[in-house]
Amino acid sequence: MDVESSKQQPNQSDNTELSNVTSDTKKKDESKSSGTNHPPTSYMETIIHLFKGNIGPGLFAMGDAFKNGGIVVAPILTIVIAFISIHCQHILINCSEKMRVLRNDPTCADYADTVEQCFENGPQKLRNWSKIMKTVVNIFICLTQFGFCCIYFVFISSNFNQIFHAYNITIDVHIVMLLIFVPILLVSLITNLKWLAPVSLIANICMIVGLAITMYYALKDGLPDIKERELYTNSRQLALFFGTAIFAFEGIALVLPLKNTMAKPYNFESPLGVLNVGMFLVTFMFMFAGSVGYIKWGEGVGGSLTLNLGDSILAQCVKVMVSLGVLLGYPLQFFIAIQIMWPNVMNLFNLQKKPLCGELIFRTIMVIVTLGVAELVPALSLFISLIGALCSTALALVFPPMIELLIKPDNGNKGPGCALLIKNVLILILSLLGFATGTYESLNQIIKHFGSPDPI
């Protein structure tokens, strides 16, 4: 018996080792199949990434948004827009998760692929639209990202133009844009996302420190009486408010990639998960910056709060710091659009033999395009409102409720329930109303702006 027992023990040990090796192999295979070579992120790391995607020029534009909304109405509408935006992000996650389970995929698909999959598995009459809808979503993503890039040109040039004026140097804002073109082009030629990590870190530090000093400037001498500010405004200004606010909250394209990279993905959309906690903090920062900015500077608040800091040396340092943060954030926004467009461009012009050279040329052309658009519309606040109303609304508020109506509900019914139908239809009506009025009013104001002697 002892001999037999001694013979069996090594076999059991071998089986255990084989099981461990097999388990490790499966984990490696799952990691490969997920398409990521990066280590999984923790709860706090993912919140930091969420901040990266939501804190930018939109945060500094909230003072102008509150001017267009009124000191009472703007905070209420900001909360409403934040609630609907976060809810739509949860819708996108839920739909992507259902498609993942249905297709037995290792990870959730990205935004455009999720929309395609929902149409493929939706009503029979709409399944032929799947490829078209994926293309439409990718077009909106590219328009939004390139819109951000154009705004970055305007934002940086507006701040540097003020710095030059502080030292009695008169340079037209269009010339300033040409001057900053070279550094923006250089960082935009970085083709590897890994190499962008230190660039993004420096950008985040610049933005956070710049915001802290901006708030110090606003609060150091106290705030005026709130009665001096408008409590509410008219419908035209509310349309501009909507565009700016939804621009600030547009980070929906990030949620699925962030969820997929987490060590514990279920901690992303849970009640106290990354999405809810992170967006609550982002909403608080938007409301704080918007309220303080409008109460402090009133109708004179700029399209960026940094434009109201004055001519002191510290104020100029803040403008340089924030502008540097925005400049270093340009390549990340640019990267997302290029990643979608470049494979199609490469195939169209048969550039497979020289992919790096072709991509660098394509990147250079697209940076020139964003510069050209920024030169045409140098009004920062109106540009932000236009991009928000035209592009951000579709991604943040239109597509998520649309795809939720397409997929089969969990209760086994053939179609959405009455409550779900009413809820999503209301979101679609409100978003399309904001889309139409915000885009119209922004374009209308931009046309009027061309006759203004002051381009900023």
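Author: Buried means under 20% relative accessible area, exposed means over 50%, and partly exposed lies in between (1.4 Å probe, protein chains only). This is a predicted model, in which local features need pLDDT of at least 70, side-chain atom pairs count only at pLDDT 80 or more, and totals for chains, interfaces and linings use all residues. Residues are numbered from 1 along each chain as its sequence is written, and side-chain values use heavy atoms, with hydrogens and water left out.

Reader: Which residue forms a salt bridge with Asp64?

Author: A salt bridge requires a side-chain nitrogen of Lys or Arg within 4 Å of a carboxyl oxygen of Asp or Glu. The N to O distance is 3.2 Å, and the partner of Asp64 is Lys67.

Reader: How far apart are the closest N and O atoms of Glu269 and Lys259?

Author: Glu269 is partly exposed, with a relative accessible area of 23%, whereas Lys259 counts as buried at 4% relative accessibility. Their side chains form a salt bridge, in which the closest N and O atoms are apart by 3.0 Å.

Reader: How many salt bridges does the count come to?

Author: Among the residues involved, Asp113, Glu116, Lys131 and Lys134 are linked in a network. By the rule already given, the count comes to 11 salt bridges.
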